[in-house]
Amino acid sequence: MQQTLIEKYGEARLPRYTSYPTAPSFSPTVGVGTYGDWLSGISPGTDASLYLHIPFCRSMCWYCGCHTTITQRDEPILDYIDMLRKEIGLVSERVERRLKVKHIHFGGGTPTIMQPEEFRDLTGLLRARFGLATGAEIAVEIDPRTLTAEMAEALGDAGVTRASLGVQSFDPVVQKAINRIQSEAQTQKAVTRLRAAGVGGINFDLIYGLPHQTVASCIETAKAALGMRPERFAVFGYAHIPSFKKHQRLIDERALADAAGRMEQAEAIAGTLAAAGYVRIGLDHYALPGDSLARAARRGRLRRNFQGYTTDACETLIGFGASAIGRTAEGYVQNEVPPGLYAQRIASGRLATAKGYRLTAEDRLRAEIIERLMCDFRVDLTTIAARHGVNATPLLVGNGRLAALEEDGAIDIRGGTVAVRQGHRFIIRAVAAAFDAYLDQSTRKHSKAA
């Protein structure tokens, strides 16, 4: 049965559901004026998260799906950080210290591409402009190949609590095929520097489904990574979309595994991490039992946002930088994607909002259902629907995607509860998609954009 499910659902191009509705549903009808009003309407004492996007790297990894720009010069980075500081000022003027910031996340690109003093100054500005809660988590994504001792020290000085290190694969054949040469020694040195600087939480990103990757090399990479004992792992499947990300055309498609091969690689990594004592969380995360992510999963409090699985329960997210996505109680917003256009907007004294989405009551209902499925692999539709003041029956009756999954033996539907059967967690996005009211039109939009 599993082979049949892999063939039917394994290659489906479905959203990761880090938000609902997903970004293809965003529209320019939600722009600068709307976002400004939403910011001004935030209630005093609102719990919030901040996300800062740094879209620069020193070299291009051919598998990359992020919005990033390659530069060997520091000038574009310095100019961009100046715009970030201006945007922070524009936003802080509107929220007037009504936020209680509990999480800050620096993403990229490579956030640590900036100089140590620039990072210290930027985090200092955030502390000055916004009210940081006691014990606020500050996380940063890192390329171990370029992390210096001085930057590691700056991260510690700035109060960084968690670092996410890109590893992907230690197989030299795979590394050559994706243009990312990174030794185990480089990675270990980065971990050692971060630990010495007081960064207590380390996450490794691994990828399966890369060119020339095998089950054996996936296991070898996982074992090598385990030797460095990070608190968490995030294990993602490579998404090959060369029509959308042109640099992926440099990857040899003939060297990519099929759906069954990808699944075998993913489960090999999962088994290796589980055998070492890591708890499997959601679709693609793993954590030591005492880690806050594992505790949240045990208590049914796991959440999902644009960084994946998280303990972050804040409903307000303020995004800074080119392409950054944010959310308020009213809906989602996204900044201009090209750094140059983003900079023009901010330099003119305006917010950089390019598009967004105003949430409806039905969106909020479906968002909660999808999040619980992605986090727990089961959802009590009756309870959630009642909380939103509606009947759950219309969510089930006439739901063709859900009926097909049940007929295929992937899920059980009892009363108002939908649960993924044991061993079939890899189809969870297909189950979540059964409650996505915009999926078909979003898919068409994505195809046109690609």
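Visitor: Which residues line the largest cavity?

Guide: Gladly! This is a predicted model, in which local features need pLDDT of at least 70, side-chain atom pairs count only at pLDDT 80 or more, and totals for chains, interfaces and linings use all residues. Residues are numbered from 1 along each chain as its sequence is written, and side-chain values use heavy atoms, with hydrogens and water left out. On a 1 Å grid over the protein atoms alone, a cavity is a set of points where a 1.4 Å probe fits but cannot get out, a pocket is an open set with protein on both sides within 12 Å along at least five of seven lines, and lining residues have an atom within 4 Å of a point. Here, Tyr35, Gly319, Ala324, Ile325, Gly326, Val333, Gln334 and Asn335 line the largest cavity.

Visitor: Which element gives the most to that lining?

Guide: Strands are DSSP runs of E, at least two residues, and helices runs of H or I, at least four, numbered from the N terminus. β15 gives the most to the largest cavity's lining, with three residues.

Visitor: How much space lies in the largest cavity?

Guide: A volume is the space filled by probe spheres set on the points, which are joined across faces, edges and corners. For the largest cavity that is about 30 Å³.

Visitor: What is the volume of the second largest pocket?

Guide: About 580 Å³. Of its 24 lining residues, the closest to the centre are Arg303, Glu315, Arg327, Tyr332 and Glu371. α12 gives the most to this lining, with seven residues.
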